[in-house]
Amino acid sequence: MGCFLTKPVERPPGYEDPVALASQTHYGCHHFLVISSLPSSSFHFLLNIFKLCWHLAVTISEIEALYELFRKLSSTIVDNGCINKEEFQLALFKNSEKRTLFSDRIFELFDSKHNGVIEFGDFVRSLSIFHPNTPEAEKISFAFQLYDIWHTGYIERGEMKEMVMALVSESEMDLPEDIVESIVDQTFTAVDSKGDGKIDQDEWREFVARNPSSIQNMTVPYLK
């Protein structure tokens, strides 16, 4: 019998093998669980991404399900196998022009290669942070990076103020400047144990250890 040659399957730029990705992340043989209501937090917009893929058949693996979701998101504006910022914002807000500080920071952290787009491997590894099996230390580190807007290795007062103002704006609240400053002051009193006007990673870990609920939204529930 002669050899039967098949045409290689074409994959978009940035595609990575699901088996390899599964071995590098915290995905297992779990299936997506529909959550009736999203938590009221700064991470609610990120959880909207997961809602998009819950309709997929539960008989396929998580990585394969994420690839189907990735293909959908990466082709909404430009079908090039990558998610650009406009497509990311469109997935979060149904509006490609709406932006928030949090969405910008999440996109920046997902874009691990800093090339202005999210590739499939970036997408899977970043979402893995929110998996229940991911060690708490990785979740704490990701949350710290989210607040380290200026990339100094510390969370400084100016960064904290920006985050508070972003939260206020996202919640459509109108707080006076002195109230915002008071919130920042109270936060630094609770977290900046060294009293040097900035929060380092050790102080952040100690704070989370005392207040585990501060990163509870870093986990998306799954059916196990």
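## Basis of the model

Because the model is predicted, local features need pLDDT of at least 70 and side-chain atom pairs count only at pLDDT 80 or more, while totals for chains, interfaces and linings use all residues. Residues are numbered from 1 along each chain as its sequence is written, and side-chain values use heavy atoms, with hydrogens and water left out.

## Overall make-up

The protein has 10 helices and six strands. Helices (H or I, at least four residues) and strands (E, at least two) are DSSP runs, numbered from the N terminus. Of its 224 residues, 42% count as buried. Buried means under 20% relative accessible area, exposed over 50%, and partly exposed in between, with a 1.4 Å probe and protein chains only.

The accessible surface comes to about 12200 Å², and 54% of that surface belongs to carbon and sulfur atoms. Such areas come from the Shrake-Rupley method with a 1.4 Å probe; for residues, only the protein chains shown count as cover. Among contacts (heavy atoms within 4.5 Å) between residues at least 6 apart in sequence, 60% join residues at least 24 apart.

Helix H5 spans residues 101-110 and is mostly covered, with eight of its 10 residues buried. The buried residues include Phe102, Asp104, Arg105, Ile106 and Phe110.

H5 packs against H7 at an angle of about 125°, and the two axes are 9 Å apart. Axes are lines fitted to C-alpha atoms, for helices over the stretch in contact, and angles run from 0 to 180 degrees between N-to-C directions. The two helices, H5 and H7, are therefore oblique to each other. Angles under 35 degrees count as roughly parallel, over 145 as roughly antiparallel, 65 to 115 as roughly perpendicular, and the rest as oblique. The crossing of H5 and H7 is right-handed; a crossing is left-handed if the near helix is turned anticlockwise from the far one by less than a right angle, and right-handed if clockwise.

On the H5 side, Arg105, Ile106, Leu109 and Phe110 meet Phe142, Gln145 and Leu146 of H7. By class, this contact has five nonpolar, one polar and one charged residues. Ala, Val, Leu, Ile, Met, Phe, Trp, Tyr, Cys and Pro count as nonpolar, Asp, Glu, Lys and Arg as charged, and the others, Gly among them, as polar.

## Helix H7 and its packing on H10

H7 (residues 136-147) also packs with H10 (residues 201-210): their axes come within 10 Å and cross at roughly 120°. H7 and H10 are therefore oblique to each other, and their crossing is right-handed. Ile140, Ala143, Phe144 and Tyr147 of H7 make the contact with Gln201, Trp204, Arg205 and Val208 of H10. These residues divide into six nonpolar, one polar and one charged.

## Loop residues

His114 is in the loop between H5 and strand E3 (117-118). Its phi is near 55°, a positive value in a residue other than glycine. Most residues other than glycine have a negative phi. At 62% relative accessibility, His114 counts as exposed.

The loop between H7 and strand E4 (155-156) holds His151, whose phi is near 60°, again positive in a residue other than glycine. His151 is exposed, with a relative accessible area of 52%. Gly153 lies in the loop between H7 and E4 and is partly exposed, at 30% relative accessibility. Not counting residues up to four places away in sequence, Gly153 touches Phe144 and Asp148. The C-alpha atoms of Gly153 and Lys198 are separated by 9.8 Å, although these residues are 45 apart along the chain.
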